[in-house]
Amino acid sequence: MSAISSKNLHKTFSQGGHIIKGLDDVSIDIEEGEFVCLSGPSGSGKTTLLNALGGLDRPDSGEILVGGKRVDQLGKAELADMRLHHIGFVFQAYNLIPVLTAQENIEFVMQIQGVPAAARAEKSRAILKEVGLEDHENRRPSQLSGGQQQRVAVARAIVSNPTLVLADEPTANLDSLTATQLMDLFVKLNRERNITFVIATHDTRVMQYCRRLVRMEDGKIIFDESQPGIG
Amino acid sequence: MRTNKSLSPSILATLAWRNLWRNYRRTLIMLMAIVLGVWAMILFSSMMRGMLDEMVREGLRVLPGEVQIHHPEYRDDPSVANLIGEPDAQLLSVLNTAPIEAWTARIKVPGMISSERDTRGVLLLGIEPDGEIALGFKLADVIEGRFLESAADKGIVIGRKLADRLDTELGKRVVIMTQDPDNEVADRGMRIVGIYRARLEATEQLNAYVGRETLQKMLGVGNSVSEIAITANNYQTVKNWWQTVADAAGDEQDTQPWMVLDGYLGTMASVQGTINLIIMVVIFIALSFGLVNTLVMAVFERVREIGLMMALGMRPQWIMLQVLLESLMLLGLGLILGNVLAVFTILPLQSGIGISVVGEGLEMYGMGTTLYPKLALQDMLLSTAVVLLLGLAASLIPAWRASRYNPIEALAKT
Amino acid sequence: MSVTTRLAWRNLWRHGRRTWLTVGAMIFCNALLVFMIAFQFGTYGLMIDSSLSVLTGHIQIQQKDYQAESRMRYSIPAGVDLAARLREQSGIQHIAARTTAFALASSEERSFGIQVYGVDPEREPDVSTIPGLIKTGRYLLDQDAAEIVIGSVLARNLKLTVGDELTLLGSGRDGSFAAGIVTVVGILESGLSELDRSIAQIPLAYFQSVFSMGDHVHSIVVHLDALGAVAPVKQRLVGLVQQPELVVLDWDELQPGLRQAIQADMFSAFVMYAVLIVLVAFSVLNTQLMSVLERTREFGVMMALGFSPGGLARLVFLETAVMSLLGLTIGCLLGASIAYYFQVFGLHIPALKEAMDQYNLPAEIYPQVNLISVFVGPGVVFLGSMLAAVYPALRLHTLEPVAAMRAV
């Protein structure tokens, strides 16, 4: 079964009086356990597609199915629930809530889910260890480096066992070494936990990790193929 | 996975509390404003309450008895023609039951008093001394001579100011003159056996005490009296029991509580709560602009975080709740500090603030020259309710706006 | 427009909502102050007017001990002549002589001790509103007639109507027995219950003969059109009277409670206003401090470009001044229009009828809009706001350009 799929997505914006096609008849099918990169120049529609797939934004027309269920017609609250339970997000920057510590940021999602305190603490500590930040649980985001912040964000994205993690330019603000370490973490999680990753990026370092590369331009998919020999 | 639609409140509280102190300067300034506002609300109500209390007590001190029974025509025409008999058995049984603590019967007629030098109009009060003392007359107020000793006492007790005006003194004789029910002039000479002092000069000039039986004999009215005055020694509880007295006294007699007997005091008492509420609301409105501004700023600088939380699956109404909680914490903190400040500043003032500078002006309002602020739990609760209710109402707009952000746009904001 | 002014203006509208909220606090406070102060002036004017115009007048000439102890024998000899001379020499026409005594008033059915005034029927309308308050019958006409006008409640209590007779018993100036029978010719109703319950007036000459006053009177009452004229007129009268036994008293001395009542009311109102103004100042302080803090980087750049900290402080003050002026203008306009509306149409507060009655006021109040009531309150708000900008402006002096530019 596909983890997530879309059929004939259309989305237009108006910007400075011009109509811009954000998504132009996009159909894509992503299987469970895949590791997909969305690439393309800025404005090509990759973030728009990611937002639509993640239920952050609604397409003008077309269908989106998550786990076989239509989500494009859901209301705001139902979309929030869907994101909470099925999808993890990693953004380019400002991923964390500044007033919460690393551990609290990870527990945040579980707290809105209503997970009991003891279970939350156990799980968040385990996952901090998994991303290599076991000694940093009481630090606030401002006391962490950029790479560490992104690791906390990844930890938070996977803590509630989502089927799908969507990452938007996760390495944009990182140096090469940190970026590589982050991608290694992604790959490890993909393998060990069978989490589906969709990463929007124009960073070639990232694309090297992707088993499937989707290229977009002007809101259209122009290129979609598996890269043998990766993974 | 379990879908829990109800959120865990602790995380919202944590977020709200920490966010509150992110910009501690702003929070502290706003907190100071709220504390000042709350303090002022309670201070003004305490002053008002103290003033009203003083006015009512003074009013009741002049002629004690929170509830009085008269002839139906007496209040319109307070003359000797409109008298009532002594209480019957049914009324007596009520008058001797709690909460009533004391009652007395008086005969009260306008009259003239003449010394060798001058003549004045007075209110002749034919009283029974023990009953009058039980109703609140203070023997210590008699500064020269003595108070009346019995209802048959043949002397007269007048006020200090009246004695001055009449150019007379203790031990001298005066002539009192009034009319009997047949409109014949009744007069007799009396010796001044006591001189009393009152808080208001007007009282000293108006009331002259004589023995009830002496006055009844002089007027030839048998055992009839002008009024039966009743007290439970607490003017605020009157509304709980005066109707019982009225029922026992029957329709033939006019039974009224002080609120009706003194329309001015009654009005003041009934509008006091409204005036306090208006003052509180006005102070709050002056505060509210700052409060809304603080919240708008707080939300505005956190747009991106709010977008993030929404992207992570936090529902809009929870975002709203979080902002409201933040506002509530600020208000609550201000309320606690404001109330504490009010208690500590007003309690020492309760023993009285001397305001003799404007004393005569206040006497015009029927008050003494000392103001006794009265801290009341009721006012503290009212100010708390006003601040919390209106505060939440004012916070709704910024909170609602925060919940309406579109996560993508909010996240894109730099 | 200078660069600083243009910068200040544009900066304010970068956060339009915030600016308007701060200005809103000022508008609310200013409008409230303007209205309340105009309302107070209206009330005080009424209090003074109604207390003085009814009976007391603005100035009285009395025997020197009469004010402290109003005894019959503390009187002014040849009072009517003195009043006539003063009218002639001072140029003020509204001067009349009066006498007062306590008497037992007995009708067929009732008796009450009352204070009786002896008034000059011809002159009294010049100094008192009472002659104009006659409800039934007429006012006194003849100096020597055995006539009386009384208040409506007193008439009811004495069970009297126009045409009935009333006996007055009292003691004369020399302590002798005084008695007279008068006919009720008029009943007056002022709406002020105290007055309606107590007032009784008989002709002056008749009073003098009944109470053995000779040509003596107790007071010479002067009515003026404006409170401001009291002091100079008093001076002139002191010069004209020239009798050591007599004193000239102004309304403040005649009714010391009145001024103090006004002062007491003003004081409590001003405490309330002070609280409101401080609250507004807090609001301004908060806004300006935030606006300074969030512009740290921008200010760093400006300093690097050569702006002095003093220049930046001027900018902050200018911004505050623009906001305060906006608040002042709109607040004053709003408050003054509301107050002016009621100045024209009257403000009716039925709930306070009894209270107003107590202070001898009618239930309608007309606020007085004038320069003082419009600008005093808002002026203080303006100063308070400028004062609140001092702390944020001072913070600018601690700014280091390089560190500031690095700030977020």
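Trainee: In β6(C), which residue is the bridge partner of Ser106(C)?

Mentor: This is a predicted model, in which local features need pLDDT of at least 70, side-chain atom pairs count only at pLDDT 80 or more, and totals for chains, interfaces and linings use all residues. Residues are numbered from 1 along each chain as its sequence is written, while chains are lettered from A and ligands numbered from 1 in the order in which they are written. Three bridges join strand β2 (residues 95-106) of chain C to strand β6 (residues 165-171) of chain C, and the two run antiparallel (two strands pair if DSSP finds at least two bridges between them). Within β6(C), the bridge partner of Ser106(C) is Thr167(C).

Trainee: Which residue takes a positive phi in the hairpin of β6(C) and β7(C)?

Mentor: β6(C) also pairs with strand β7 (residues 177-188) of chain C, in the antiparallel sense and over seven bridges, and in β7(C) the bridge partner of Gly170(C) is Ala178(C). Strands (E, at least two residues) and helices (H or I, at least four) are DSSP runs, numbered from the N terminus. The hairpin has five residues between its strands, and the residue with a positive phi, near 90°, is Gly175(C).

Trainee: In chain C, which helix has the lowest confidence?

Mentor: Chain C averages a pLDDT of 86, with 96% of the residues scoring at least 70 (pLDDT is the predictor's confidence in each residue, from 0 to 100). Strand β8 (residues 200-203) of chain C is where confidence is highest in that chain, at 94. Where pLDDT is low, the predicted coordinates should not be read in detail. Confidence in chain C is lowest, at a mean of 62, in residues 353-358, which form helix α13 of chain C.

Trainee: What is the radius of gyration of chain C?

Mentor: Chain C has 16 helices and 12 strands, and along its principal axes the C-alpha trace spans about 100 × 45 × 30 Å. For 408 residues the globule rule gives 22 Å (2.2 Å times the number of residues to the power 0.38, with the radius taken over C-alpha atoms). Chain C is well over that value, so it is more spread out than a compact globule, and its radius of gyration is 31 Å.

Trainee: Which element gives the largest share of the side of chain B that touches chain C?

Mentor: Of the two pairs of chains in contact, chains B and C share the most contacts (two residues are in contact if their C-beta atoms, placed from the backbone, lie within 7 Å). Chain B brings 54 residues and chain C brings 50 residues to this contact. On the side of chain B, the elements that give two or more residues include α2 (24-62), β2 (102-114) and α10 (263-300) of chain B. The largest share, 18 residues, comes from α10(B).

Trainee: How far apart are the nearest C-alpha atoms of chain A and chain C?

Mentor: Chain A and chain C do not touch. The distance between their nearest C-alpha atoms is 12 Å.

Trainee: Which strands stand at the edges of the open sheet of six strands in chain A?

Mentor: This sheet has mixed pairing and the order β6-β7-β8-β3-β9-β10 (chain A). Each edge strand has a single partner strand, so one side of each is left without a neighbour in the sheet, and the two are β6 (87-90) and β10 (220-226) of chain A.

Trainee: Which residue in β7(A) stands opposite Val90(A)?

Mentor: Strand β7 (residues 164-168) of chain A runs parallel to β6(A), and four bridges join the two. In β7(A), the residue opposite Val90(A) is Ala167(A).

Trainee: In the open sheet of four strands in chain A, what is the strand order?

Mentor: Strand β1 (residues 2-15) of chain A and β2(A) run antiparallel and are joined by 11 bridges, with Ser5(A) standing opposite Asp29(A) in β2(A). The pairing in this open sheet is antiparallel, and the order is β2-β1-β4-β5 (chain A).
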